[in-house]
Amino acid sequence: MKDFQSQKLSFGEKVGYSLGDVAANLVFQMMMIFQLKFYTDVFGLEGAVAGTVFLIACLSGALVDPIVGVLCDRTNTRWGKYRPWLLWTALPFCVFYVLAFYNPGIEEKWLVAFYATISFILLIVMYAFNTISYSSLGGVMTANIQERTSINAIRFIAVSLAQFFVQGMTLPLVNKFGGSEGDMSQGWTTTIILFAIIAFVFLMITFLSARERIQPPPTQTISLKEDISSTLSSIPWRAMFVLVLFIFITISMWGASMNYYFQHNIDQRSLFDFLGMIGLTDVSHEGTGIWFSILQCFNLIADDPSDAYSIGFSLFNMLGASTQLMGIILLSEYLANKFGKKQTFIVCLSLTALFTAMFYMPSPVDISFIFGLCFFKSLAYAPTIPLLWAMIGDVADHVEYVSHRRATGFCFSGMSFALKTGLGLGGALAGVILSCFGHASGQNGMQSTTVTEGIRLVSSIVPAFLFCIGVVALLFYPINKAYNVKMQSELAARRRNIHVQ
């Protein structure tokens, strides 16, 4: 019988698997960074209303997650338990993605809010089916600790590239596809259709390339009650649930608020001058060269300060994504293998909280300071990105280790529940806080100093505090490096039907 602990996966399979998360992040990054802004600026909804839509949709998706996990665990096909769901959900997932960012041109605001809620619920429910099966698949491709870390490292290198593309190119593409008349609705629709096509192709590649190898113990009987009991009673699972919840409350809030931070808090003239220092302006309209033409093609050259927001925010996001990519490649696997996943996560998340809080400090003209904070925050956060999902895979193993039952889908569905709840709460809190400070909806609405103070708080101090709650949750996570090695060794022996004395 094959030794699962020594089992290696091909590089091609790891890359093929990673493309599934690229597809998911073409959607997730849009929801996290641009959905709230789309609702307030394109649909014209008030911040509190937009936040409520966000919360209702995300909670609806979260409530579906346990059902999805149970269905996946009980699926048996020639393709496995989790892999076929990638095939079955790919097309509706991409169609609902387009509908969520489509402006039907409705005048009545309550009907707009209703359309936004229904379309977002459809998207978030299909997102649940797709991403839970995808994440669960990653938990059964191998039991080797290093290979599991390697899979997630490659996966999140790909995710960082998707983040770079979505966060950096969305606004320029929207402006480009909006045409000379600036039809933002058309710009958004065309951009999302492009992203949806790419996502569909990548999901098909993942389905064709990845394989399931870990099976539930052969003596395991089907019992939903025991699956729920063994998972919910797991201390590592509870700790990870709280961690995931507060991480995604935080990144949802911070991602949405930074959009407003760049538009209303930063001095646009200073931002324009900063872009000029790095060659991204063309006041005289005399720019030439291949590189200039490429940047101009993607609307990444500013002609005057009115272009500074979209290009500056895109550059900020590109810097964050590229720094995270560098951190994942250079630090994540190295730090995890040297110090263990738990210790690495605690230190890196603590530093992330510190740098996030510091976004309260820069003045509106301190552009270099803001971009510097982006670099250090992204570098600190980078190692945690692949480690989070590798640790959830370890939790699924721990449930099997303790209870002799494996319910990978239900384990990951609980984390997906926490993710979507956090996503909804983060977006809702950002919208409500902005409304409480008097934010005016509408793309060109001028904001008061009170509003900019609210934007600064929701972009710095508040998310930093929430990150700290995640750090506290990690202190209760018992799977350190030594424990994990022992656990995997004994699980491998069980799978070879060897009893370790």
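What follows is a chat about a few residues in this predicted model.

Modeller: Quick ground rules: this is a predicted model, where local features need pLDDT of at least 70, side-chain atom pairs count only at pLDDT 80 or more, and totals for chains, interfaces and linings use all residues. Residues are numbered from 1 along each chain as its sequence is written, and side-chain values use heavy atoms, with hydrogens and water left out.

Biologist: Why is glycine 426 called buried?

Modeller: Buried means under 20% relative accessible area (exposed is over 50%, partly exposed in between; 1.4 Å probe, protein chains only). Glycine 426 has 0% relative accessibility, so it counts as buried. It's found in helix 16, residues 408-436 (helices are DSSP runs of H or I, at least four residues, numbered from the N terminus).

Biologist: Which residues is glycine 426 in contact with, leaving aside neighbours within four places in sequence?

Modeller: Ile249, Ser252 and Met253, where contact means heavy atoms within 4.5 Å.

Biologist: What makes lysine 81 buried?

Modeller: Its relative accessible area is 10%, and the cut-off is under 20%, so lysine 81 is buried. Lysine 81 lies in the loop between helix 3 (47-73) and helix 4 (83-100).

Definitions and conventions: Helix = DSSP H or I, 4+ residues; strand = E, 2+ residues; numbered from the N terminus.
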